[in-house]
Amino acid sequence: MIYAIGDIHGCLKTLKALLKKLPYQPDDLLVFIGDYIDRGPDSKGVLEFLMQFMYEHPHVVYLRGNHEQLCLDALKNKSEDAYAQWLRNGGGATLSSYHGQFDGAHALMLQSLPLTYETDQYFFCHAGVDANFSLEEQPKDALLWMREPFIHSTVDYGKVIVFGHTQFKSVLMTANKIGIDTGCVSGRKLSAVALPSLEVFDVDCLDV
């Protein structure tokens with residue numbers, strides 16, 4: 001079984017509550033779809049938890065989201081523009097959780113995160129894909145930032161695209177895609193979907 005988990009955005013308590021609800025077994029795979037940081041209250045706590053979780057559960061994949069990329073760009077470029085863009089997108093909350101100094105080990109972790117993961121049936125990425133390219137040749141910007149026309153596309157990509165980034169009131173399921181960002185950091189839910197059963201698990205952020 002595969003469990004795909006949506007955008008966390010610093011909501012550590014909600015993440016822990018969701019993981020307690022998932023009936024995953026030692027051999028099951030957990031795929032986190034990205035956006036672990038920014039906007040929410042405890043980005044540092046989320047990254048520390050995920051780093052420890054990775055050692056305890058070897059069948060885990062952490063994908064890079066656009067917010068991880070914004071953070072890396074700000075840390076790498078050291079430019080006012082890069083920092084300003086990160087801060088406009090919730091980076092201030094992340095820096096607050098680190099008391100202003102981002103952890104070097106956490107930066108290395110973010111740098112190591114892949115953009116995609118795929119199985120015979122599913123293609124996992126943070127934001128979406130561009131139908132003008134094959135799955136093997138997707139532009140980085142599409143994988144991290146894509147919304148339209150992907151969100152309403154009925155293209156057969158050859159695999160079901162599992163993604164986050166764009167918030168839905170409930171998990172989106174169509175013939176060609178599964179969207180699992182249900183707005184945890186916006187006061188709604190953190191969701192996960194089991195594959196291939198399509199069973200949905202979620203936690204209301206107001207309940208934790």
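**View 1. An aromatic cluster joined by ring pairs.** Tyr-24, Phe-32, Tyr-36, Phe-49, Phe-53 and Tyr-62 are linked into a cluster by ring pairs. Keep in mind that this is a predicted model. Searching the whole structure turns up 14 aromatic pairs.

**View 2. Phe-32 against Tyr-62, a pair from the cluster.** Here the ring centres of Phe-32 and Tyr-62 are 5.1 Å apart and the planes meet at 65°; the cut-off for edge-to-face is over 60 degrees, so this pair gets that label. Phe-32 belongs to strand S2 and Tyr-62 to strand S3, so the contact ties together parts that are 30 residues apart in sequence. Buried or exposed, these two, Phe-32 and Tyr-62? Both Phe-32 and Tyr-62 are buried.

**View 3. Phe-150 and Phe-163, an edge-to-face pair.** With centres 4.9 Å apart and planes at 80°, the rings of Phe-150 and Phe-163 are edge-to-face. This pair links distant parts of the chain, 13 residues apart: Phe-150 comes from the loop between helix H6 (140-145) and strand S6 (160-163), while Phe-163 is in strand S6 itself. Phe-150 has a relative accessible area of 2%, so it counts as buried. Phe-163 is buried too, at 0% relative accessibility. There's also a charge to look for: the charged end of Lys-177 sits over the ring of Phe-150, 5.3 Å from its centre.

View 4. Five strands make up an open sheet with mixed pairing, in the order S4-S5-S6-S8-S7. Which strands are at the edges? They're strand S4 (116-118) and strand S7 (172-173), each of which pairs on one side only. S7 pairs with strand S8 (residues 177-179) in the antiparallel sense, over 2 bridges. Zoom in on that pairing and you'll find Met-173 opposite Ile-178 in S8.

View 5. Helix H2 covers residues 43-56, and at 1.5 Å a residue its 14 residues should span 20 Å.

Definitions and conventions: Residues numbered from 1 in each chain as written. Predicted model: local features only at pLDDT ≥ 70, side-chain atom pairs only at ≥ 80, totals over all residues. Heavy atoms only, no water. Helix = DSSP H or I, 4+ residues; strand = E, 2+ residues; numbered from the N terminus. Expected span 1.5 Å × (residues − 1). Phe/Tyr/Trp six-rings, centres within 6.5 Å; stacked < 30°, edge-to-face > 60°. Buried < 20%, exposed > 50% of the residue type's maximum accessible area, 1.4 Å probe, protein only. Lys NZ or Arg CZ within 6 Å of the ring centre and 35° of its normal. Pairing = 2+ DSSP bridges.
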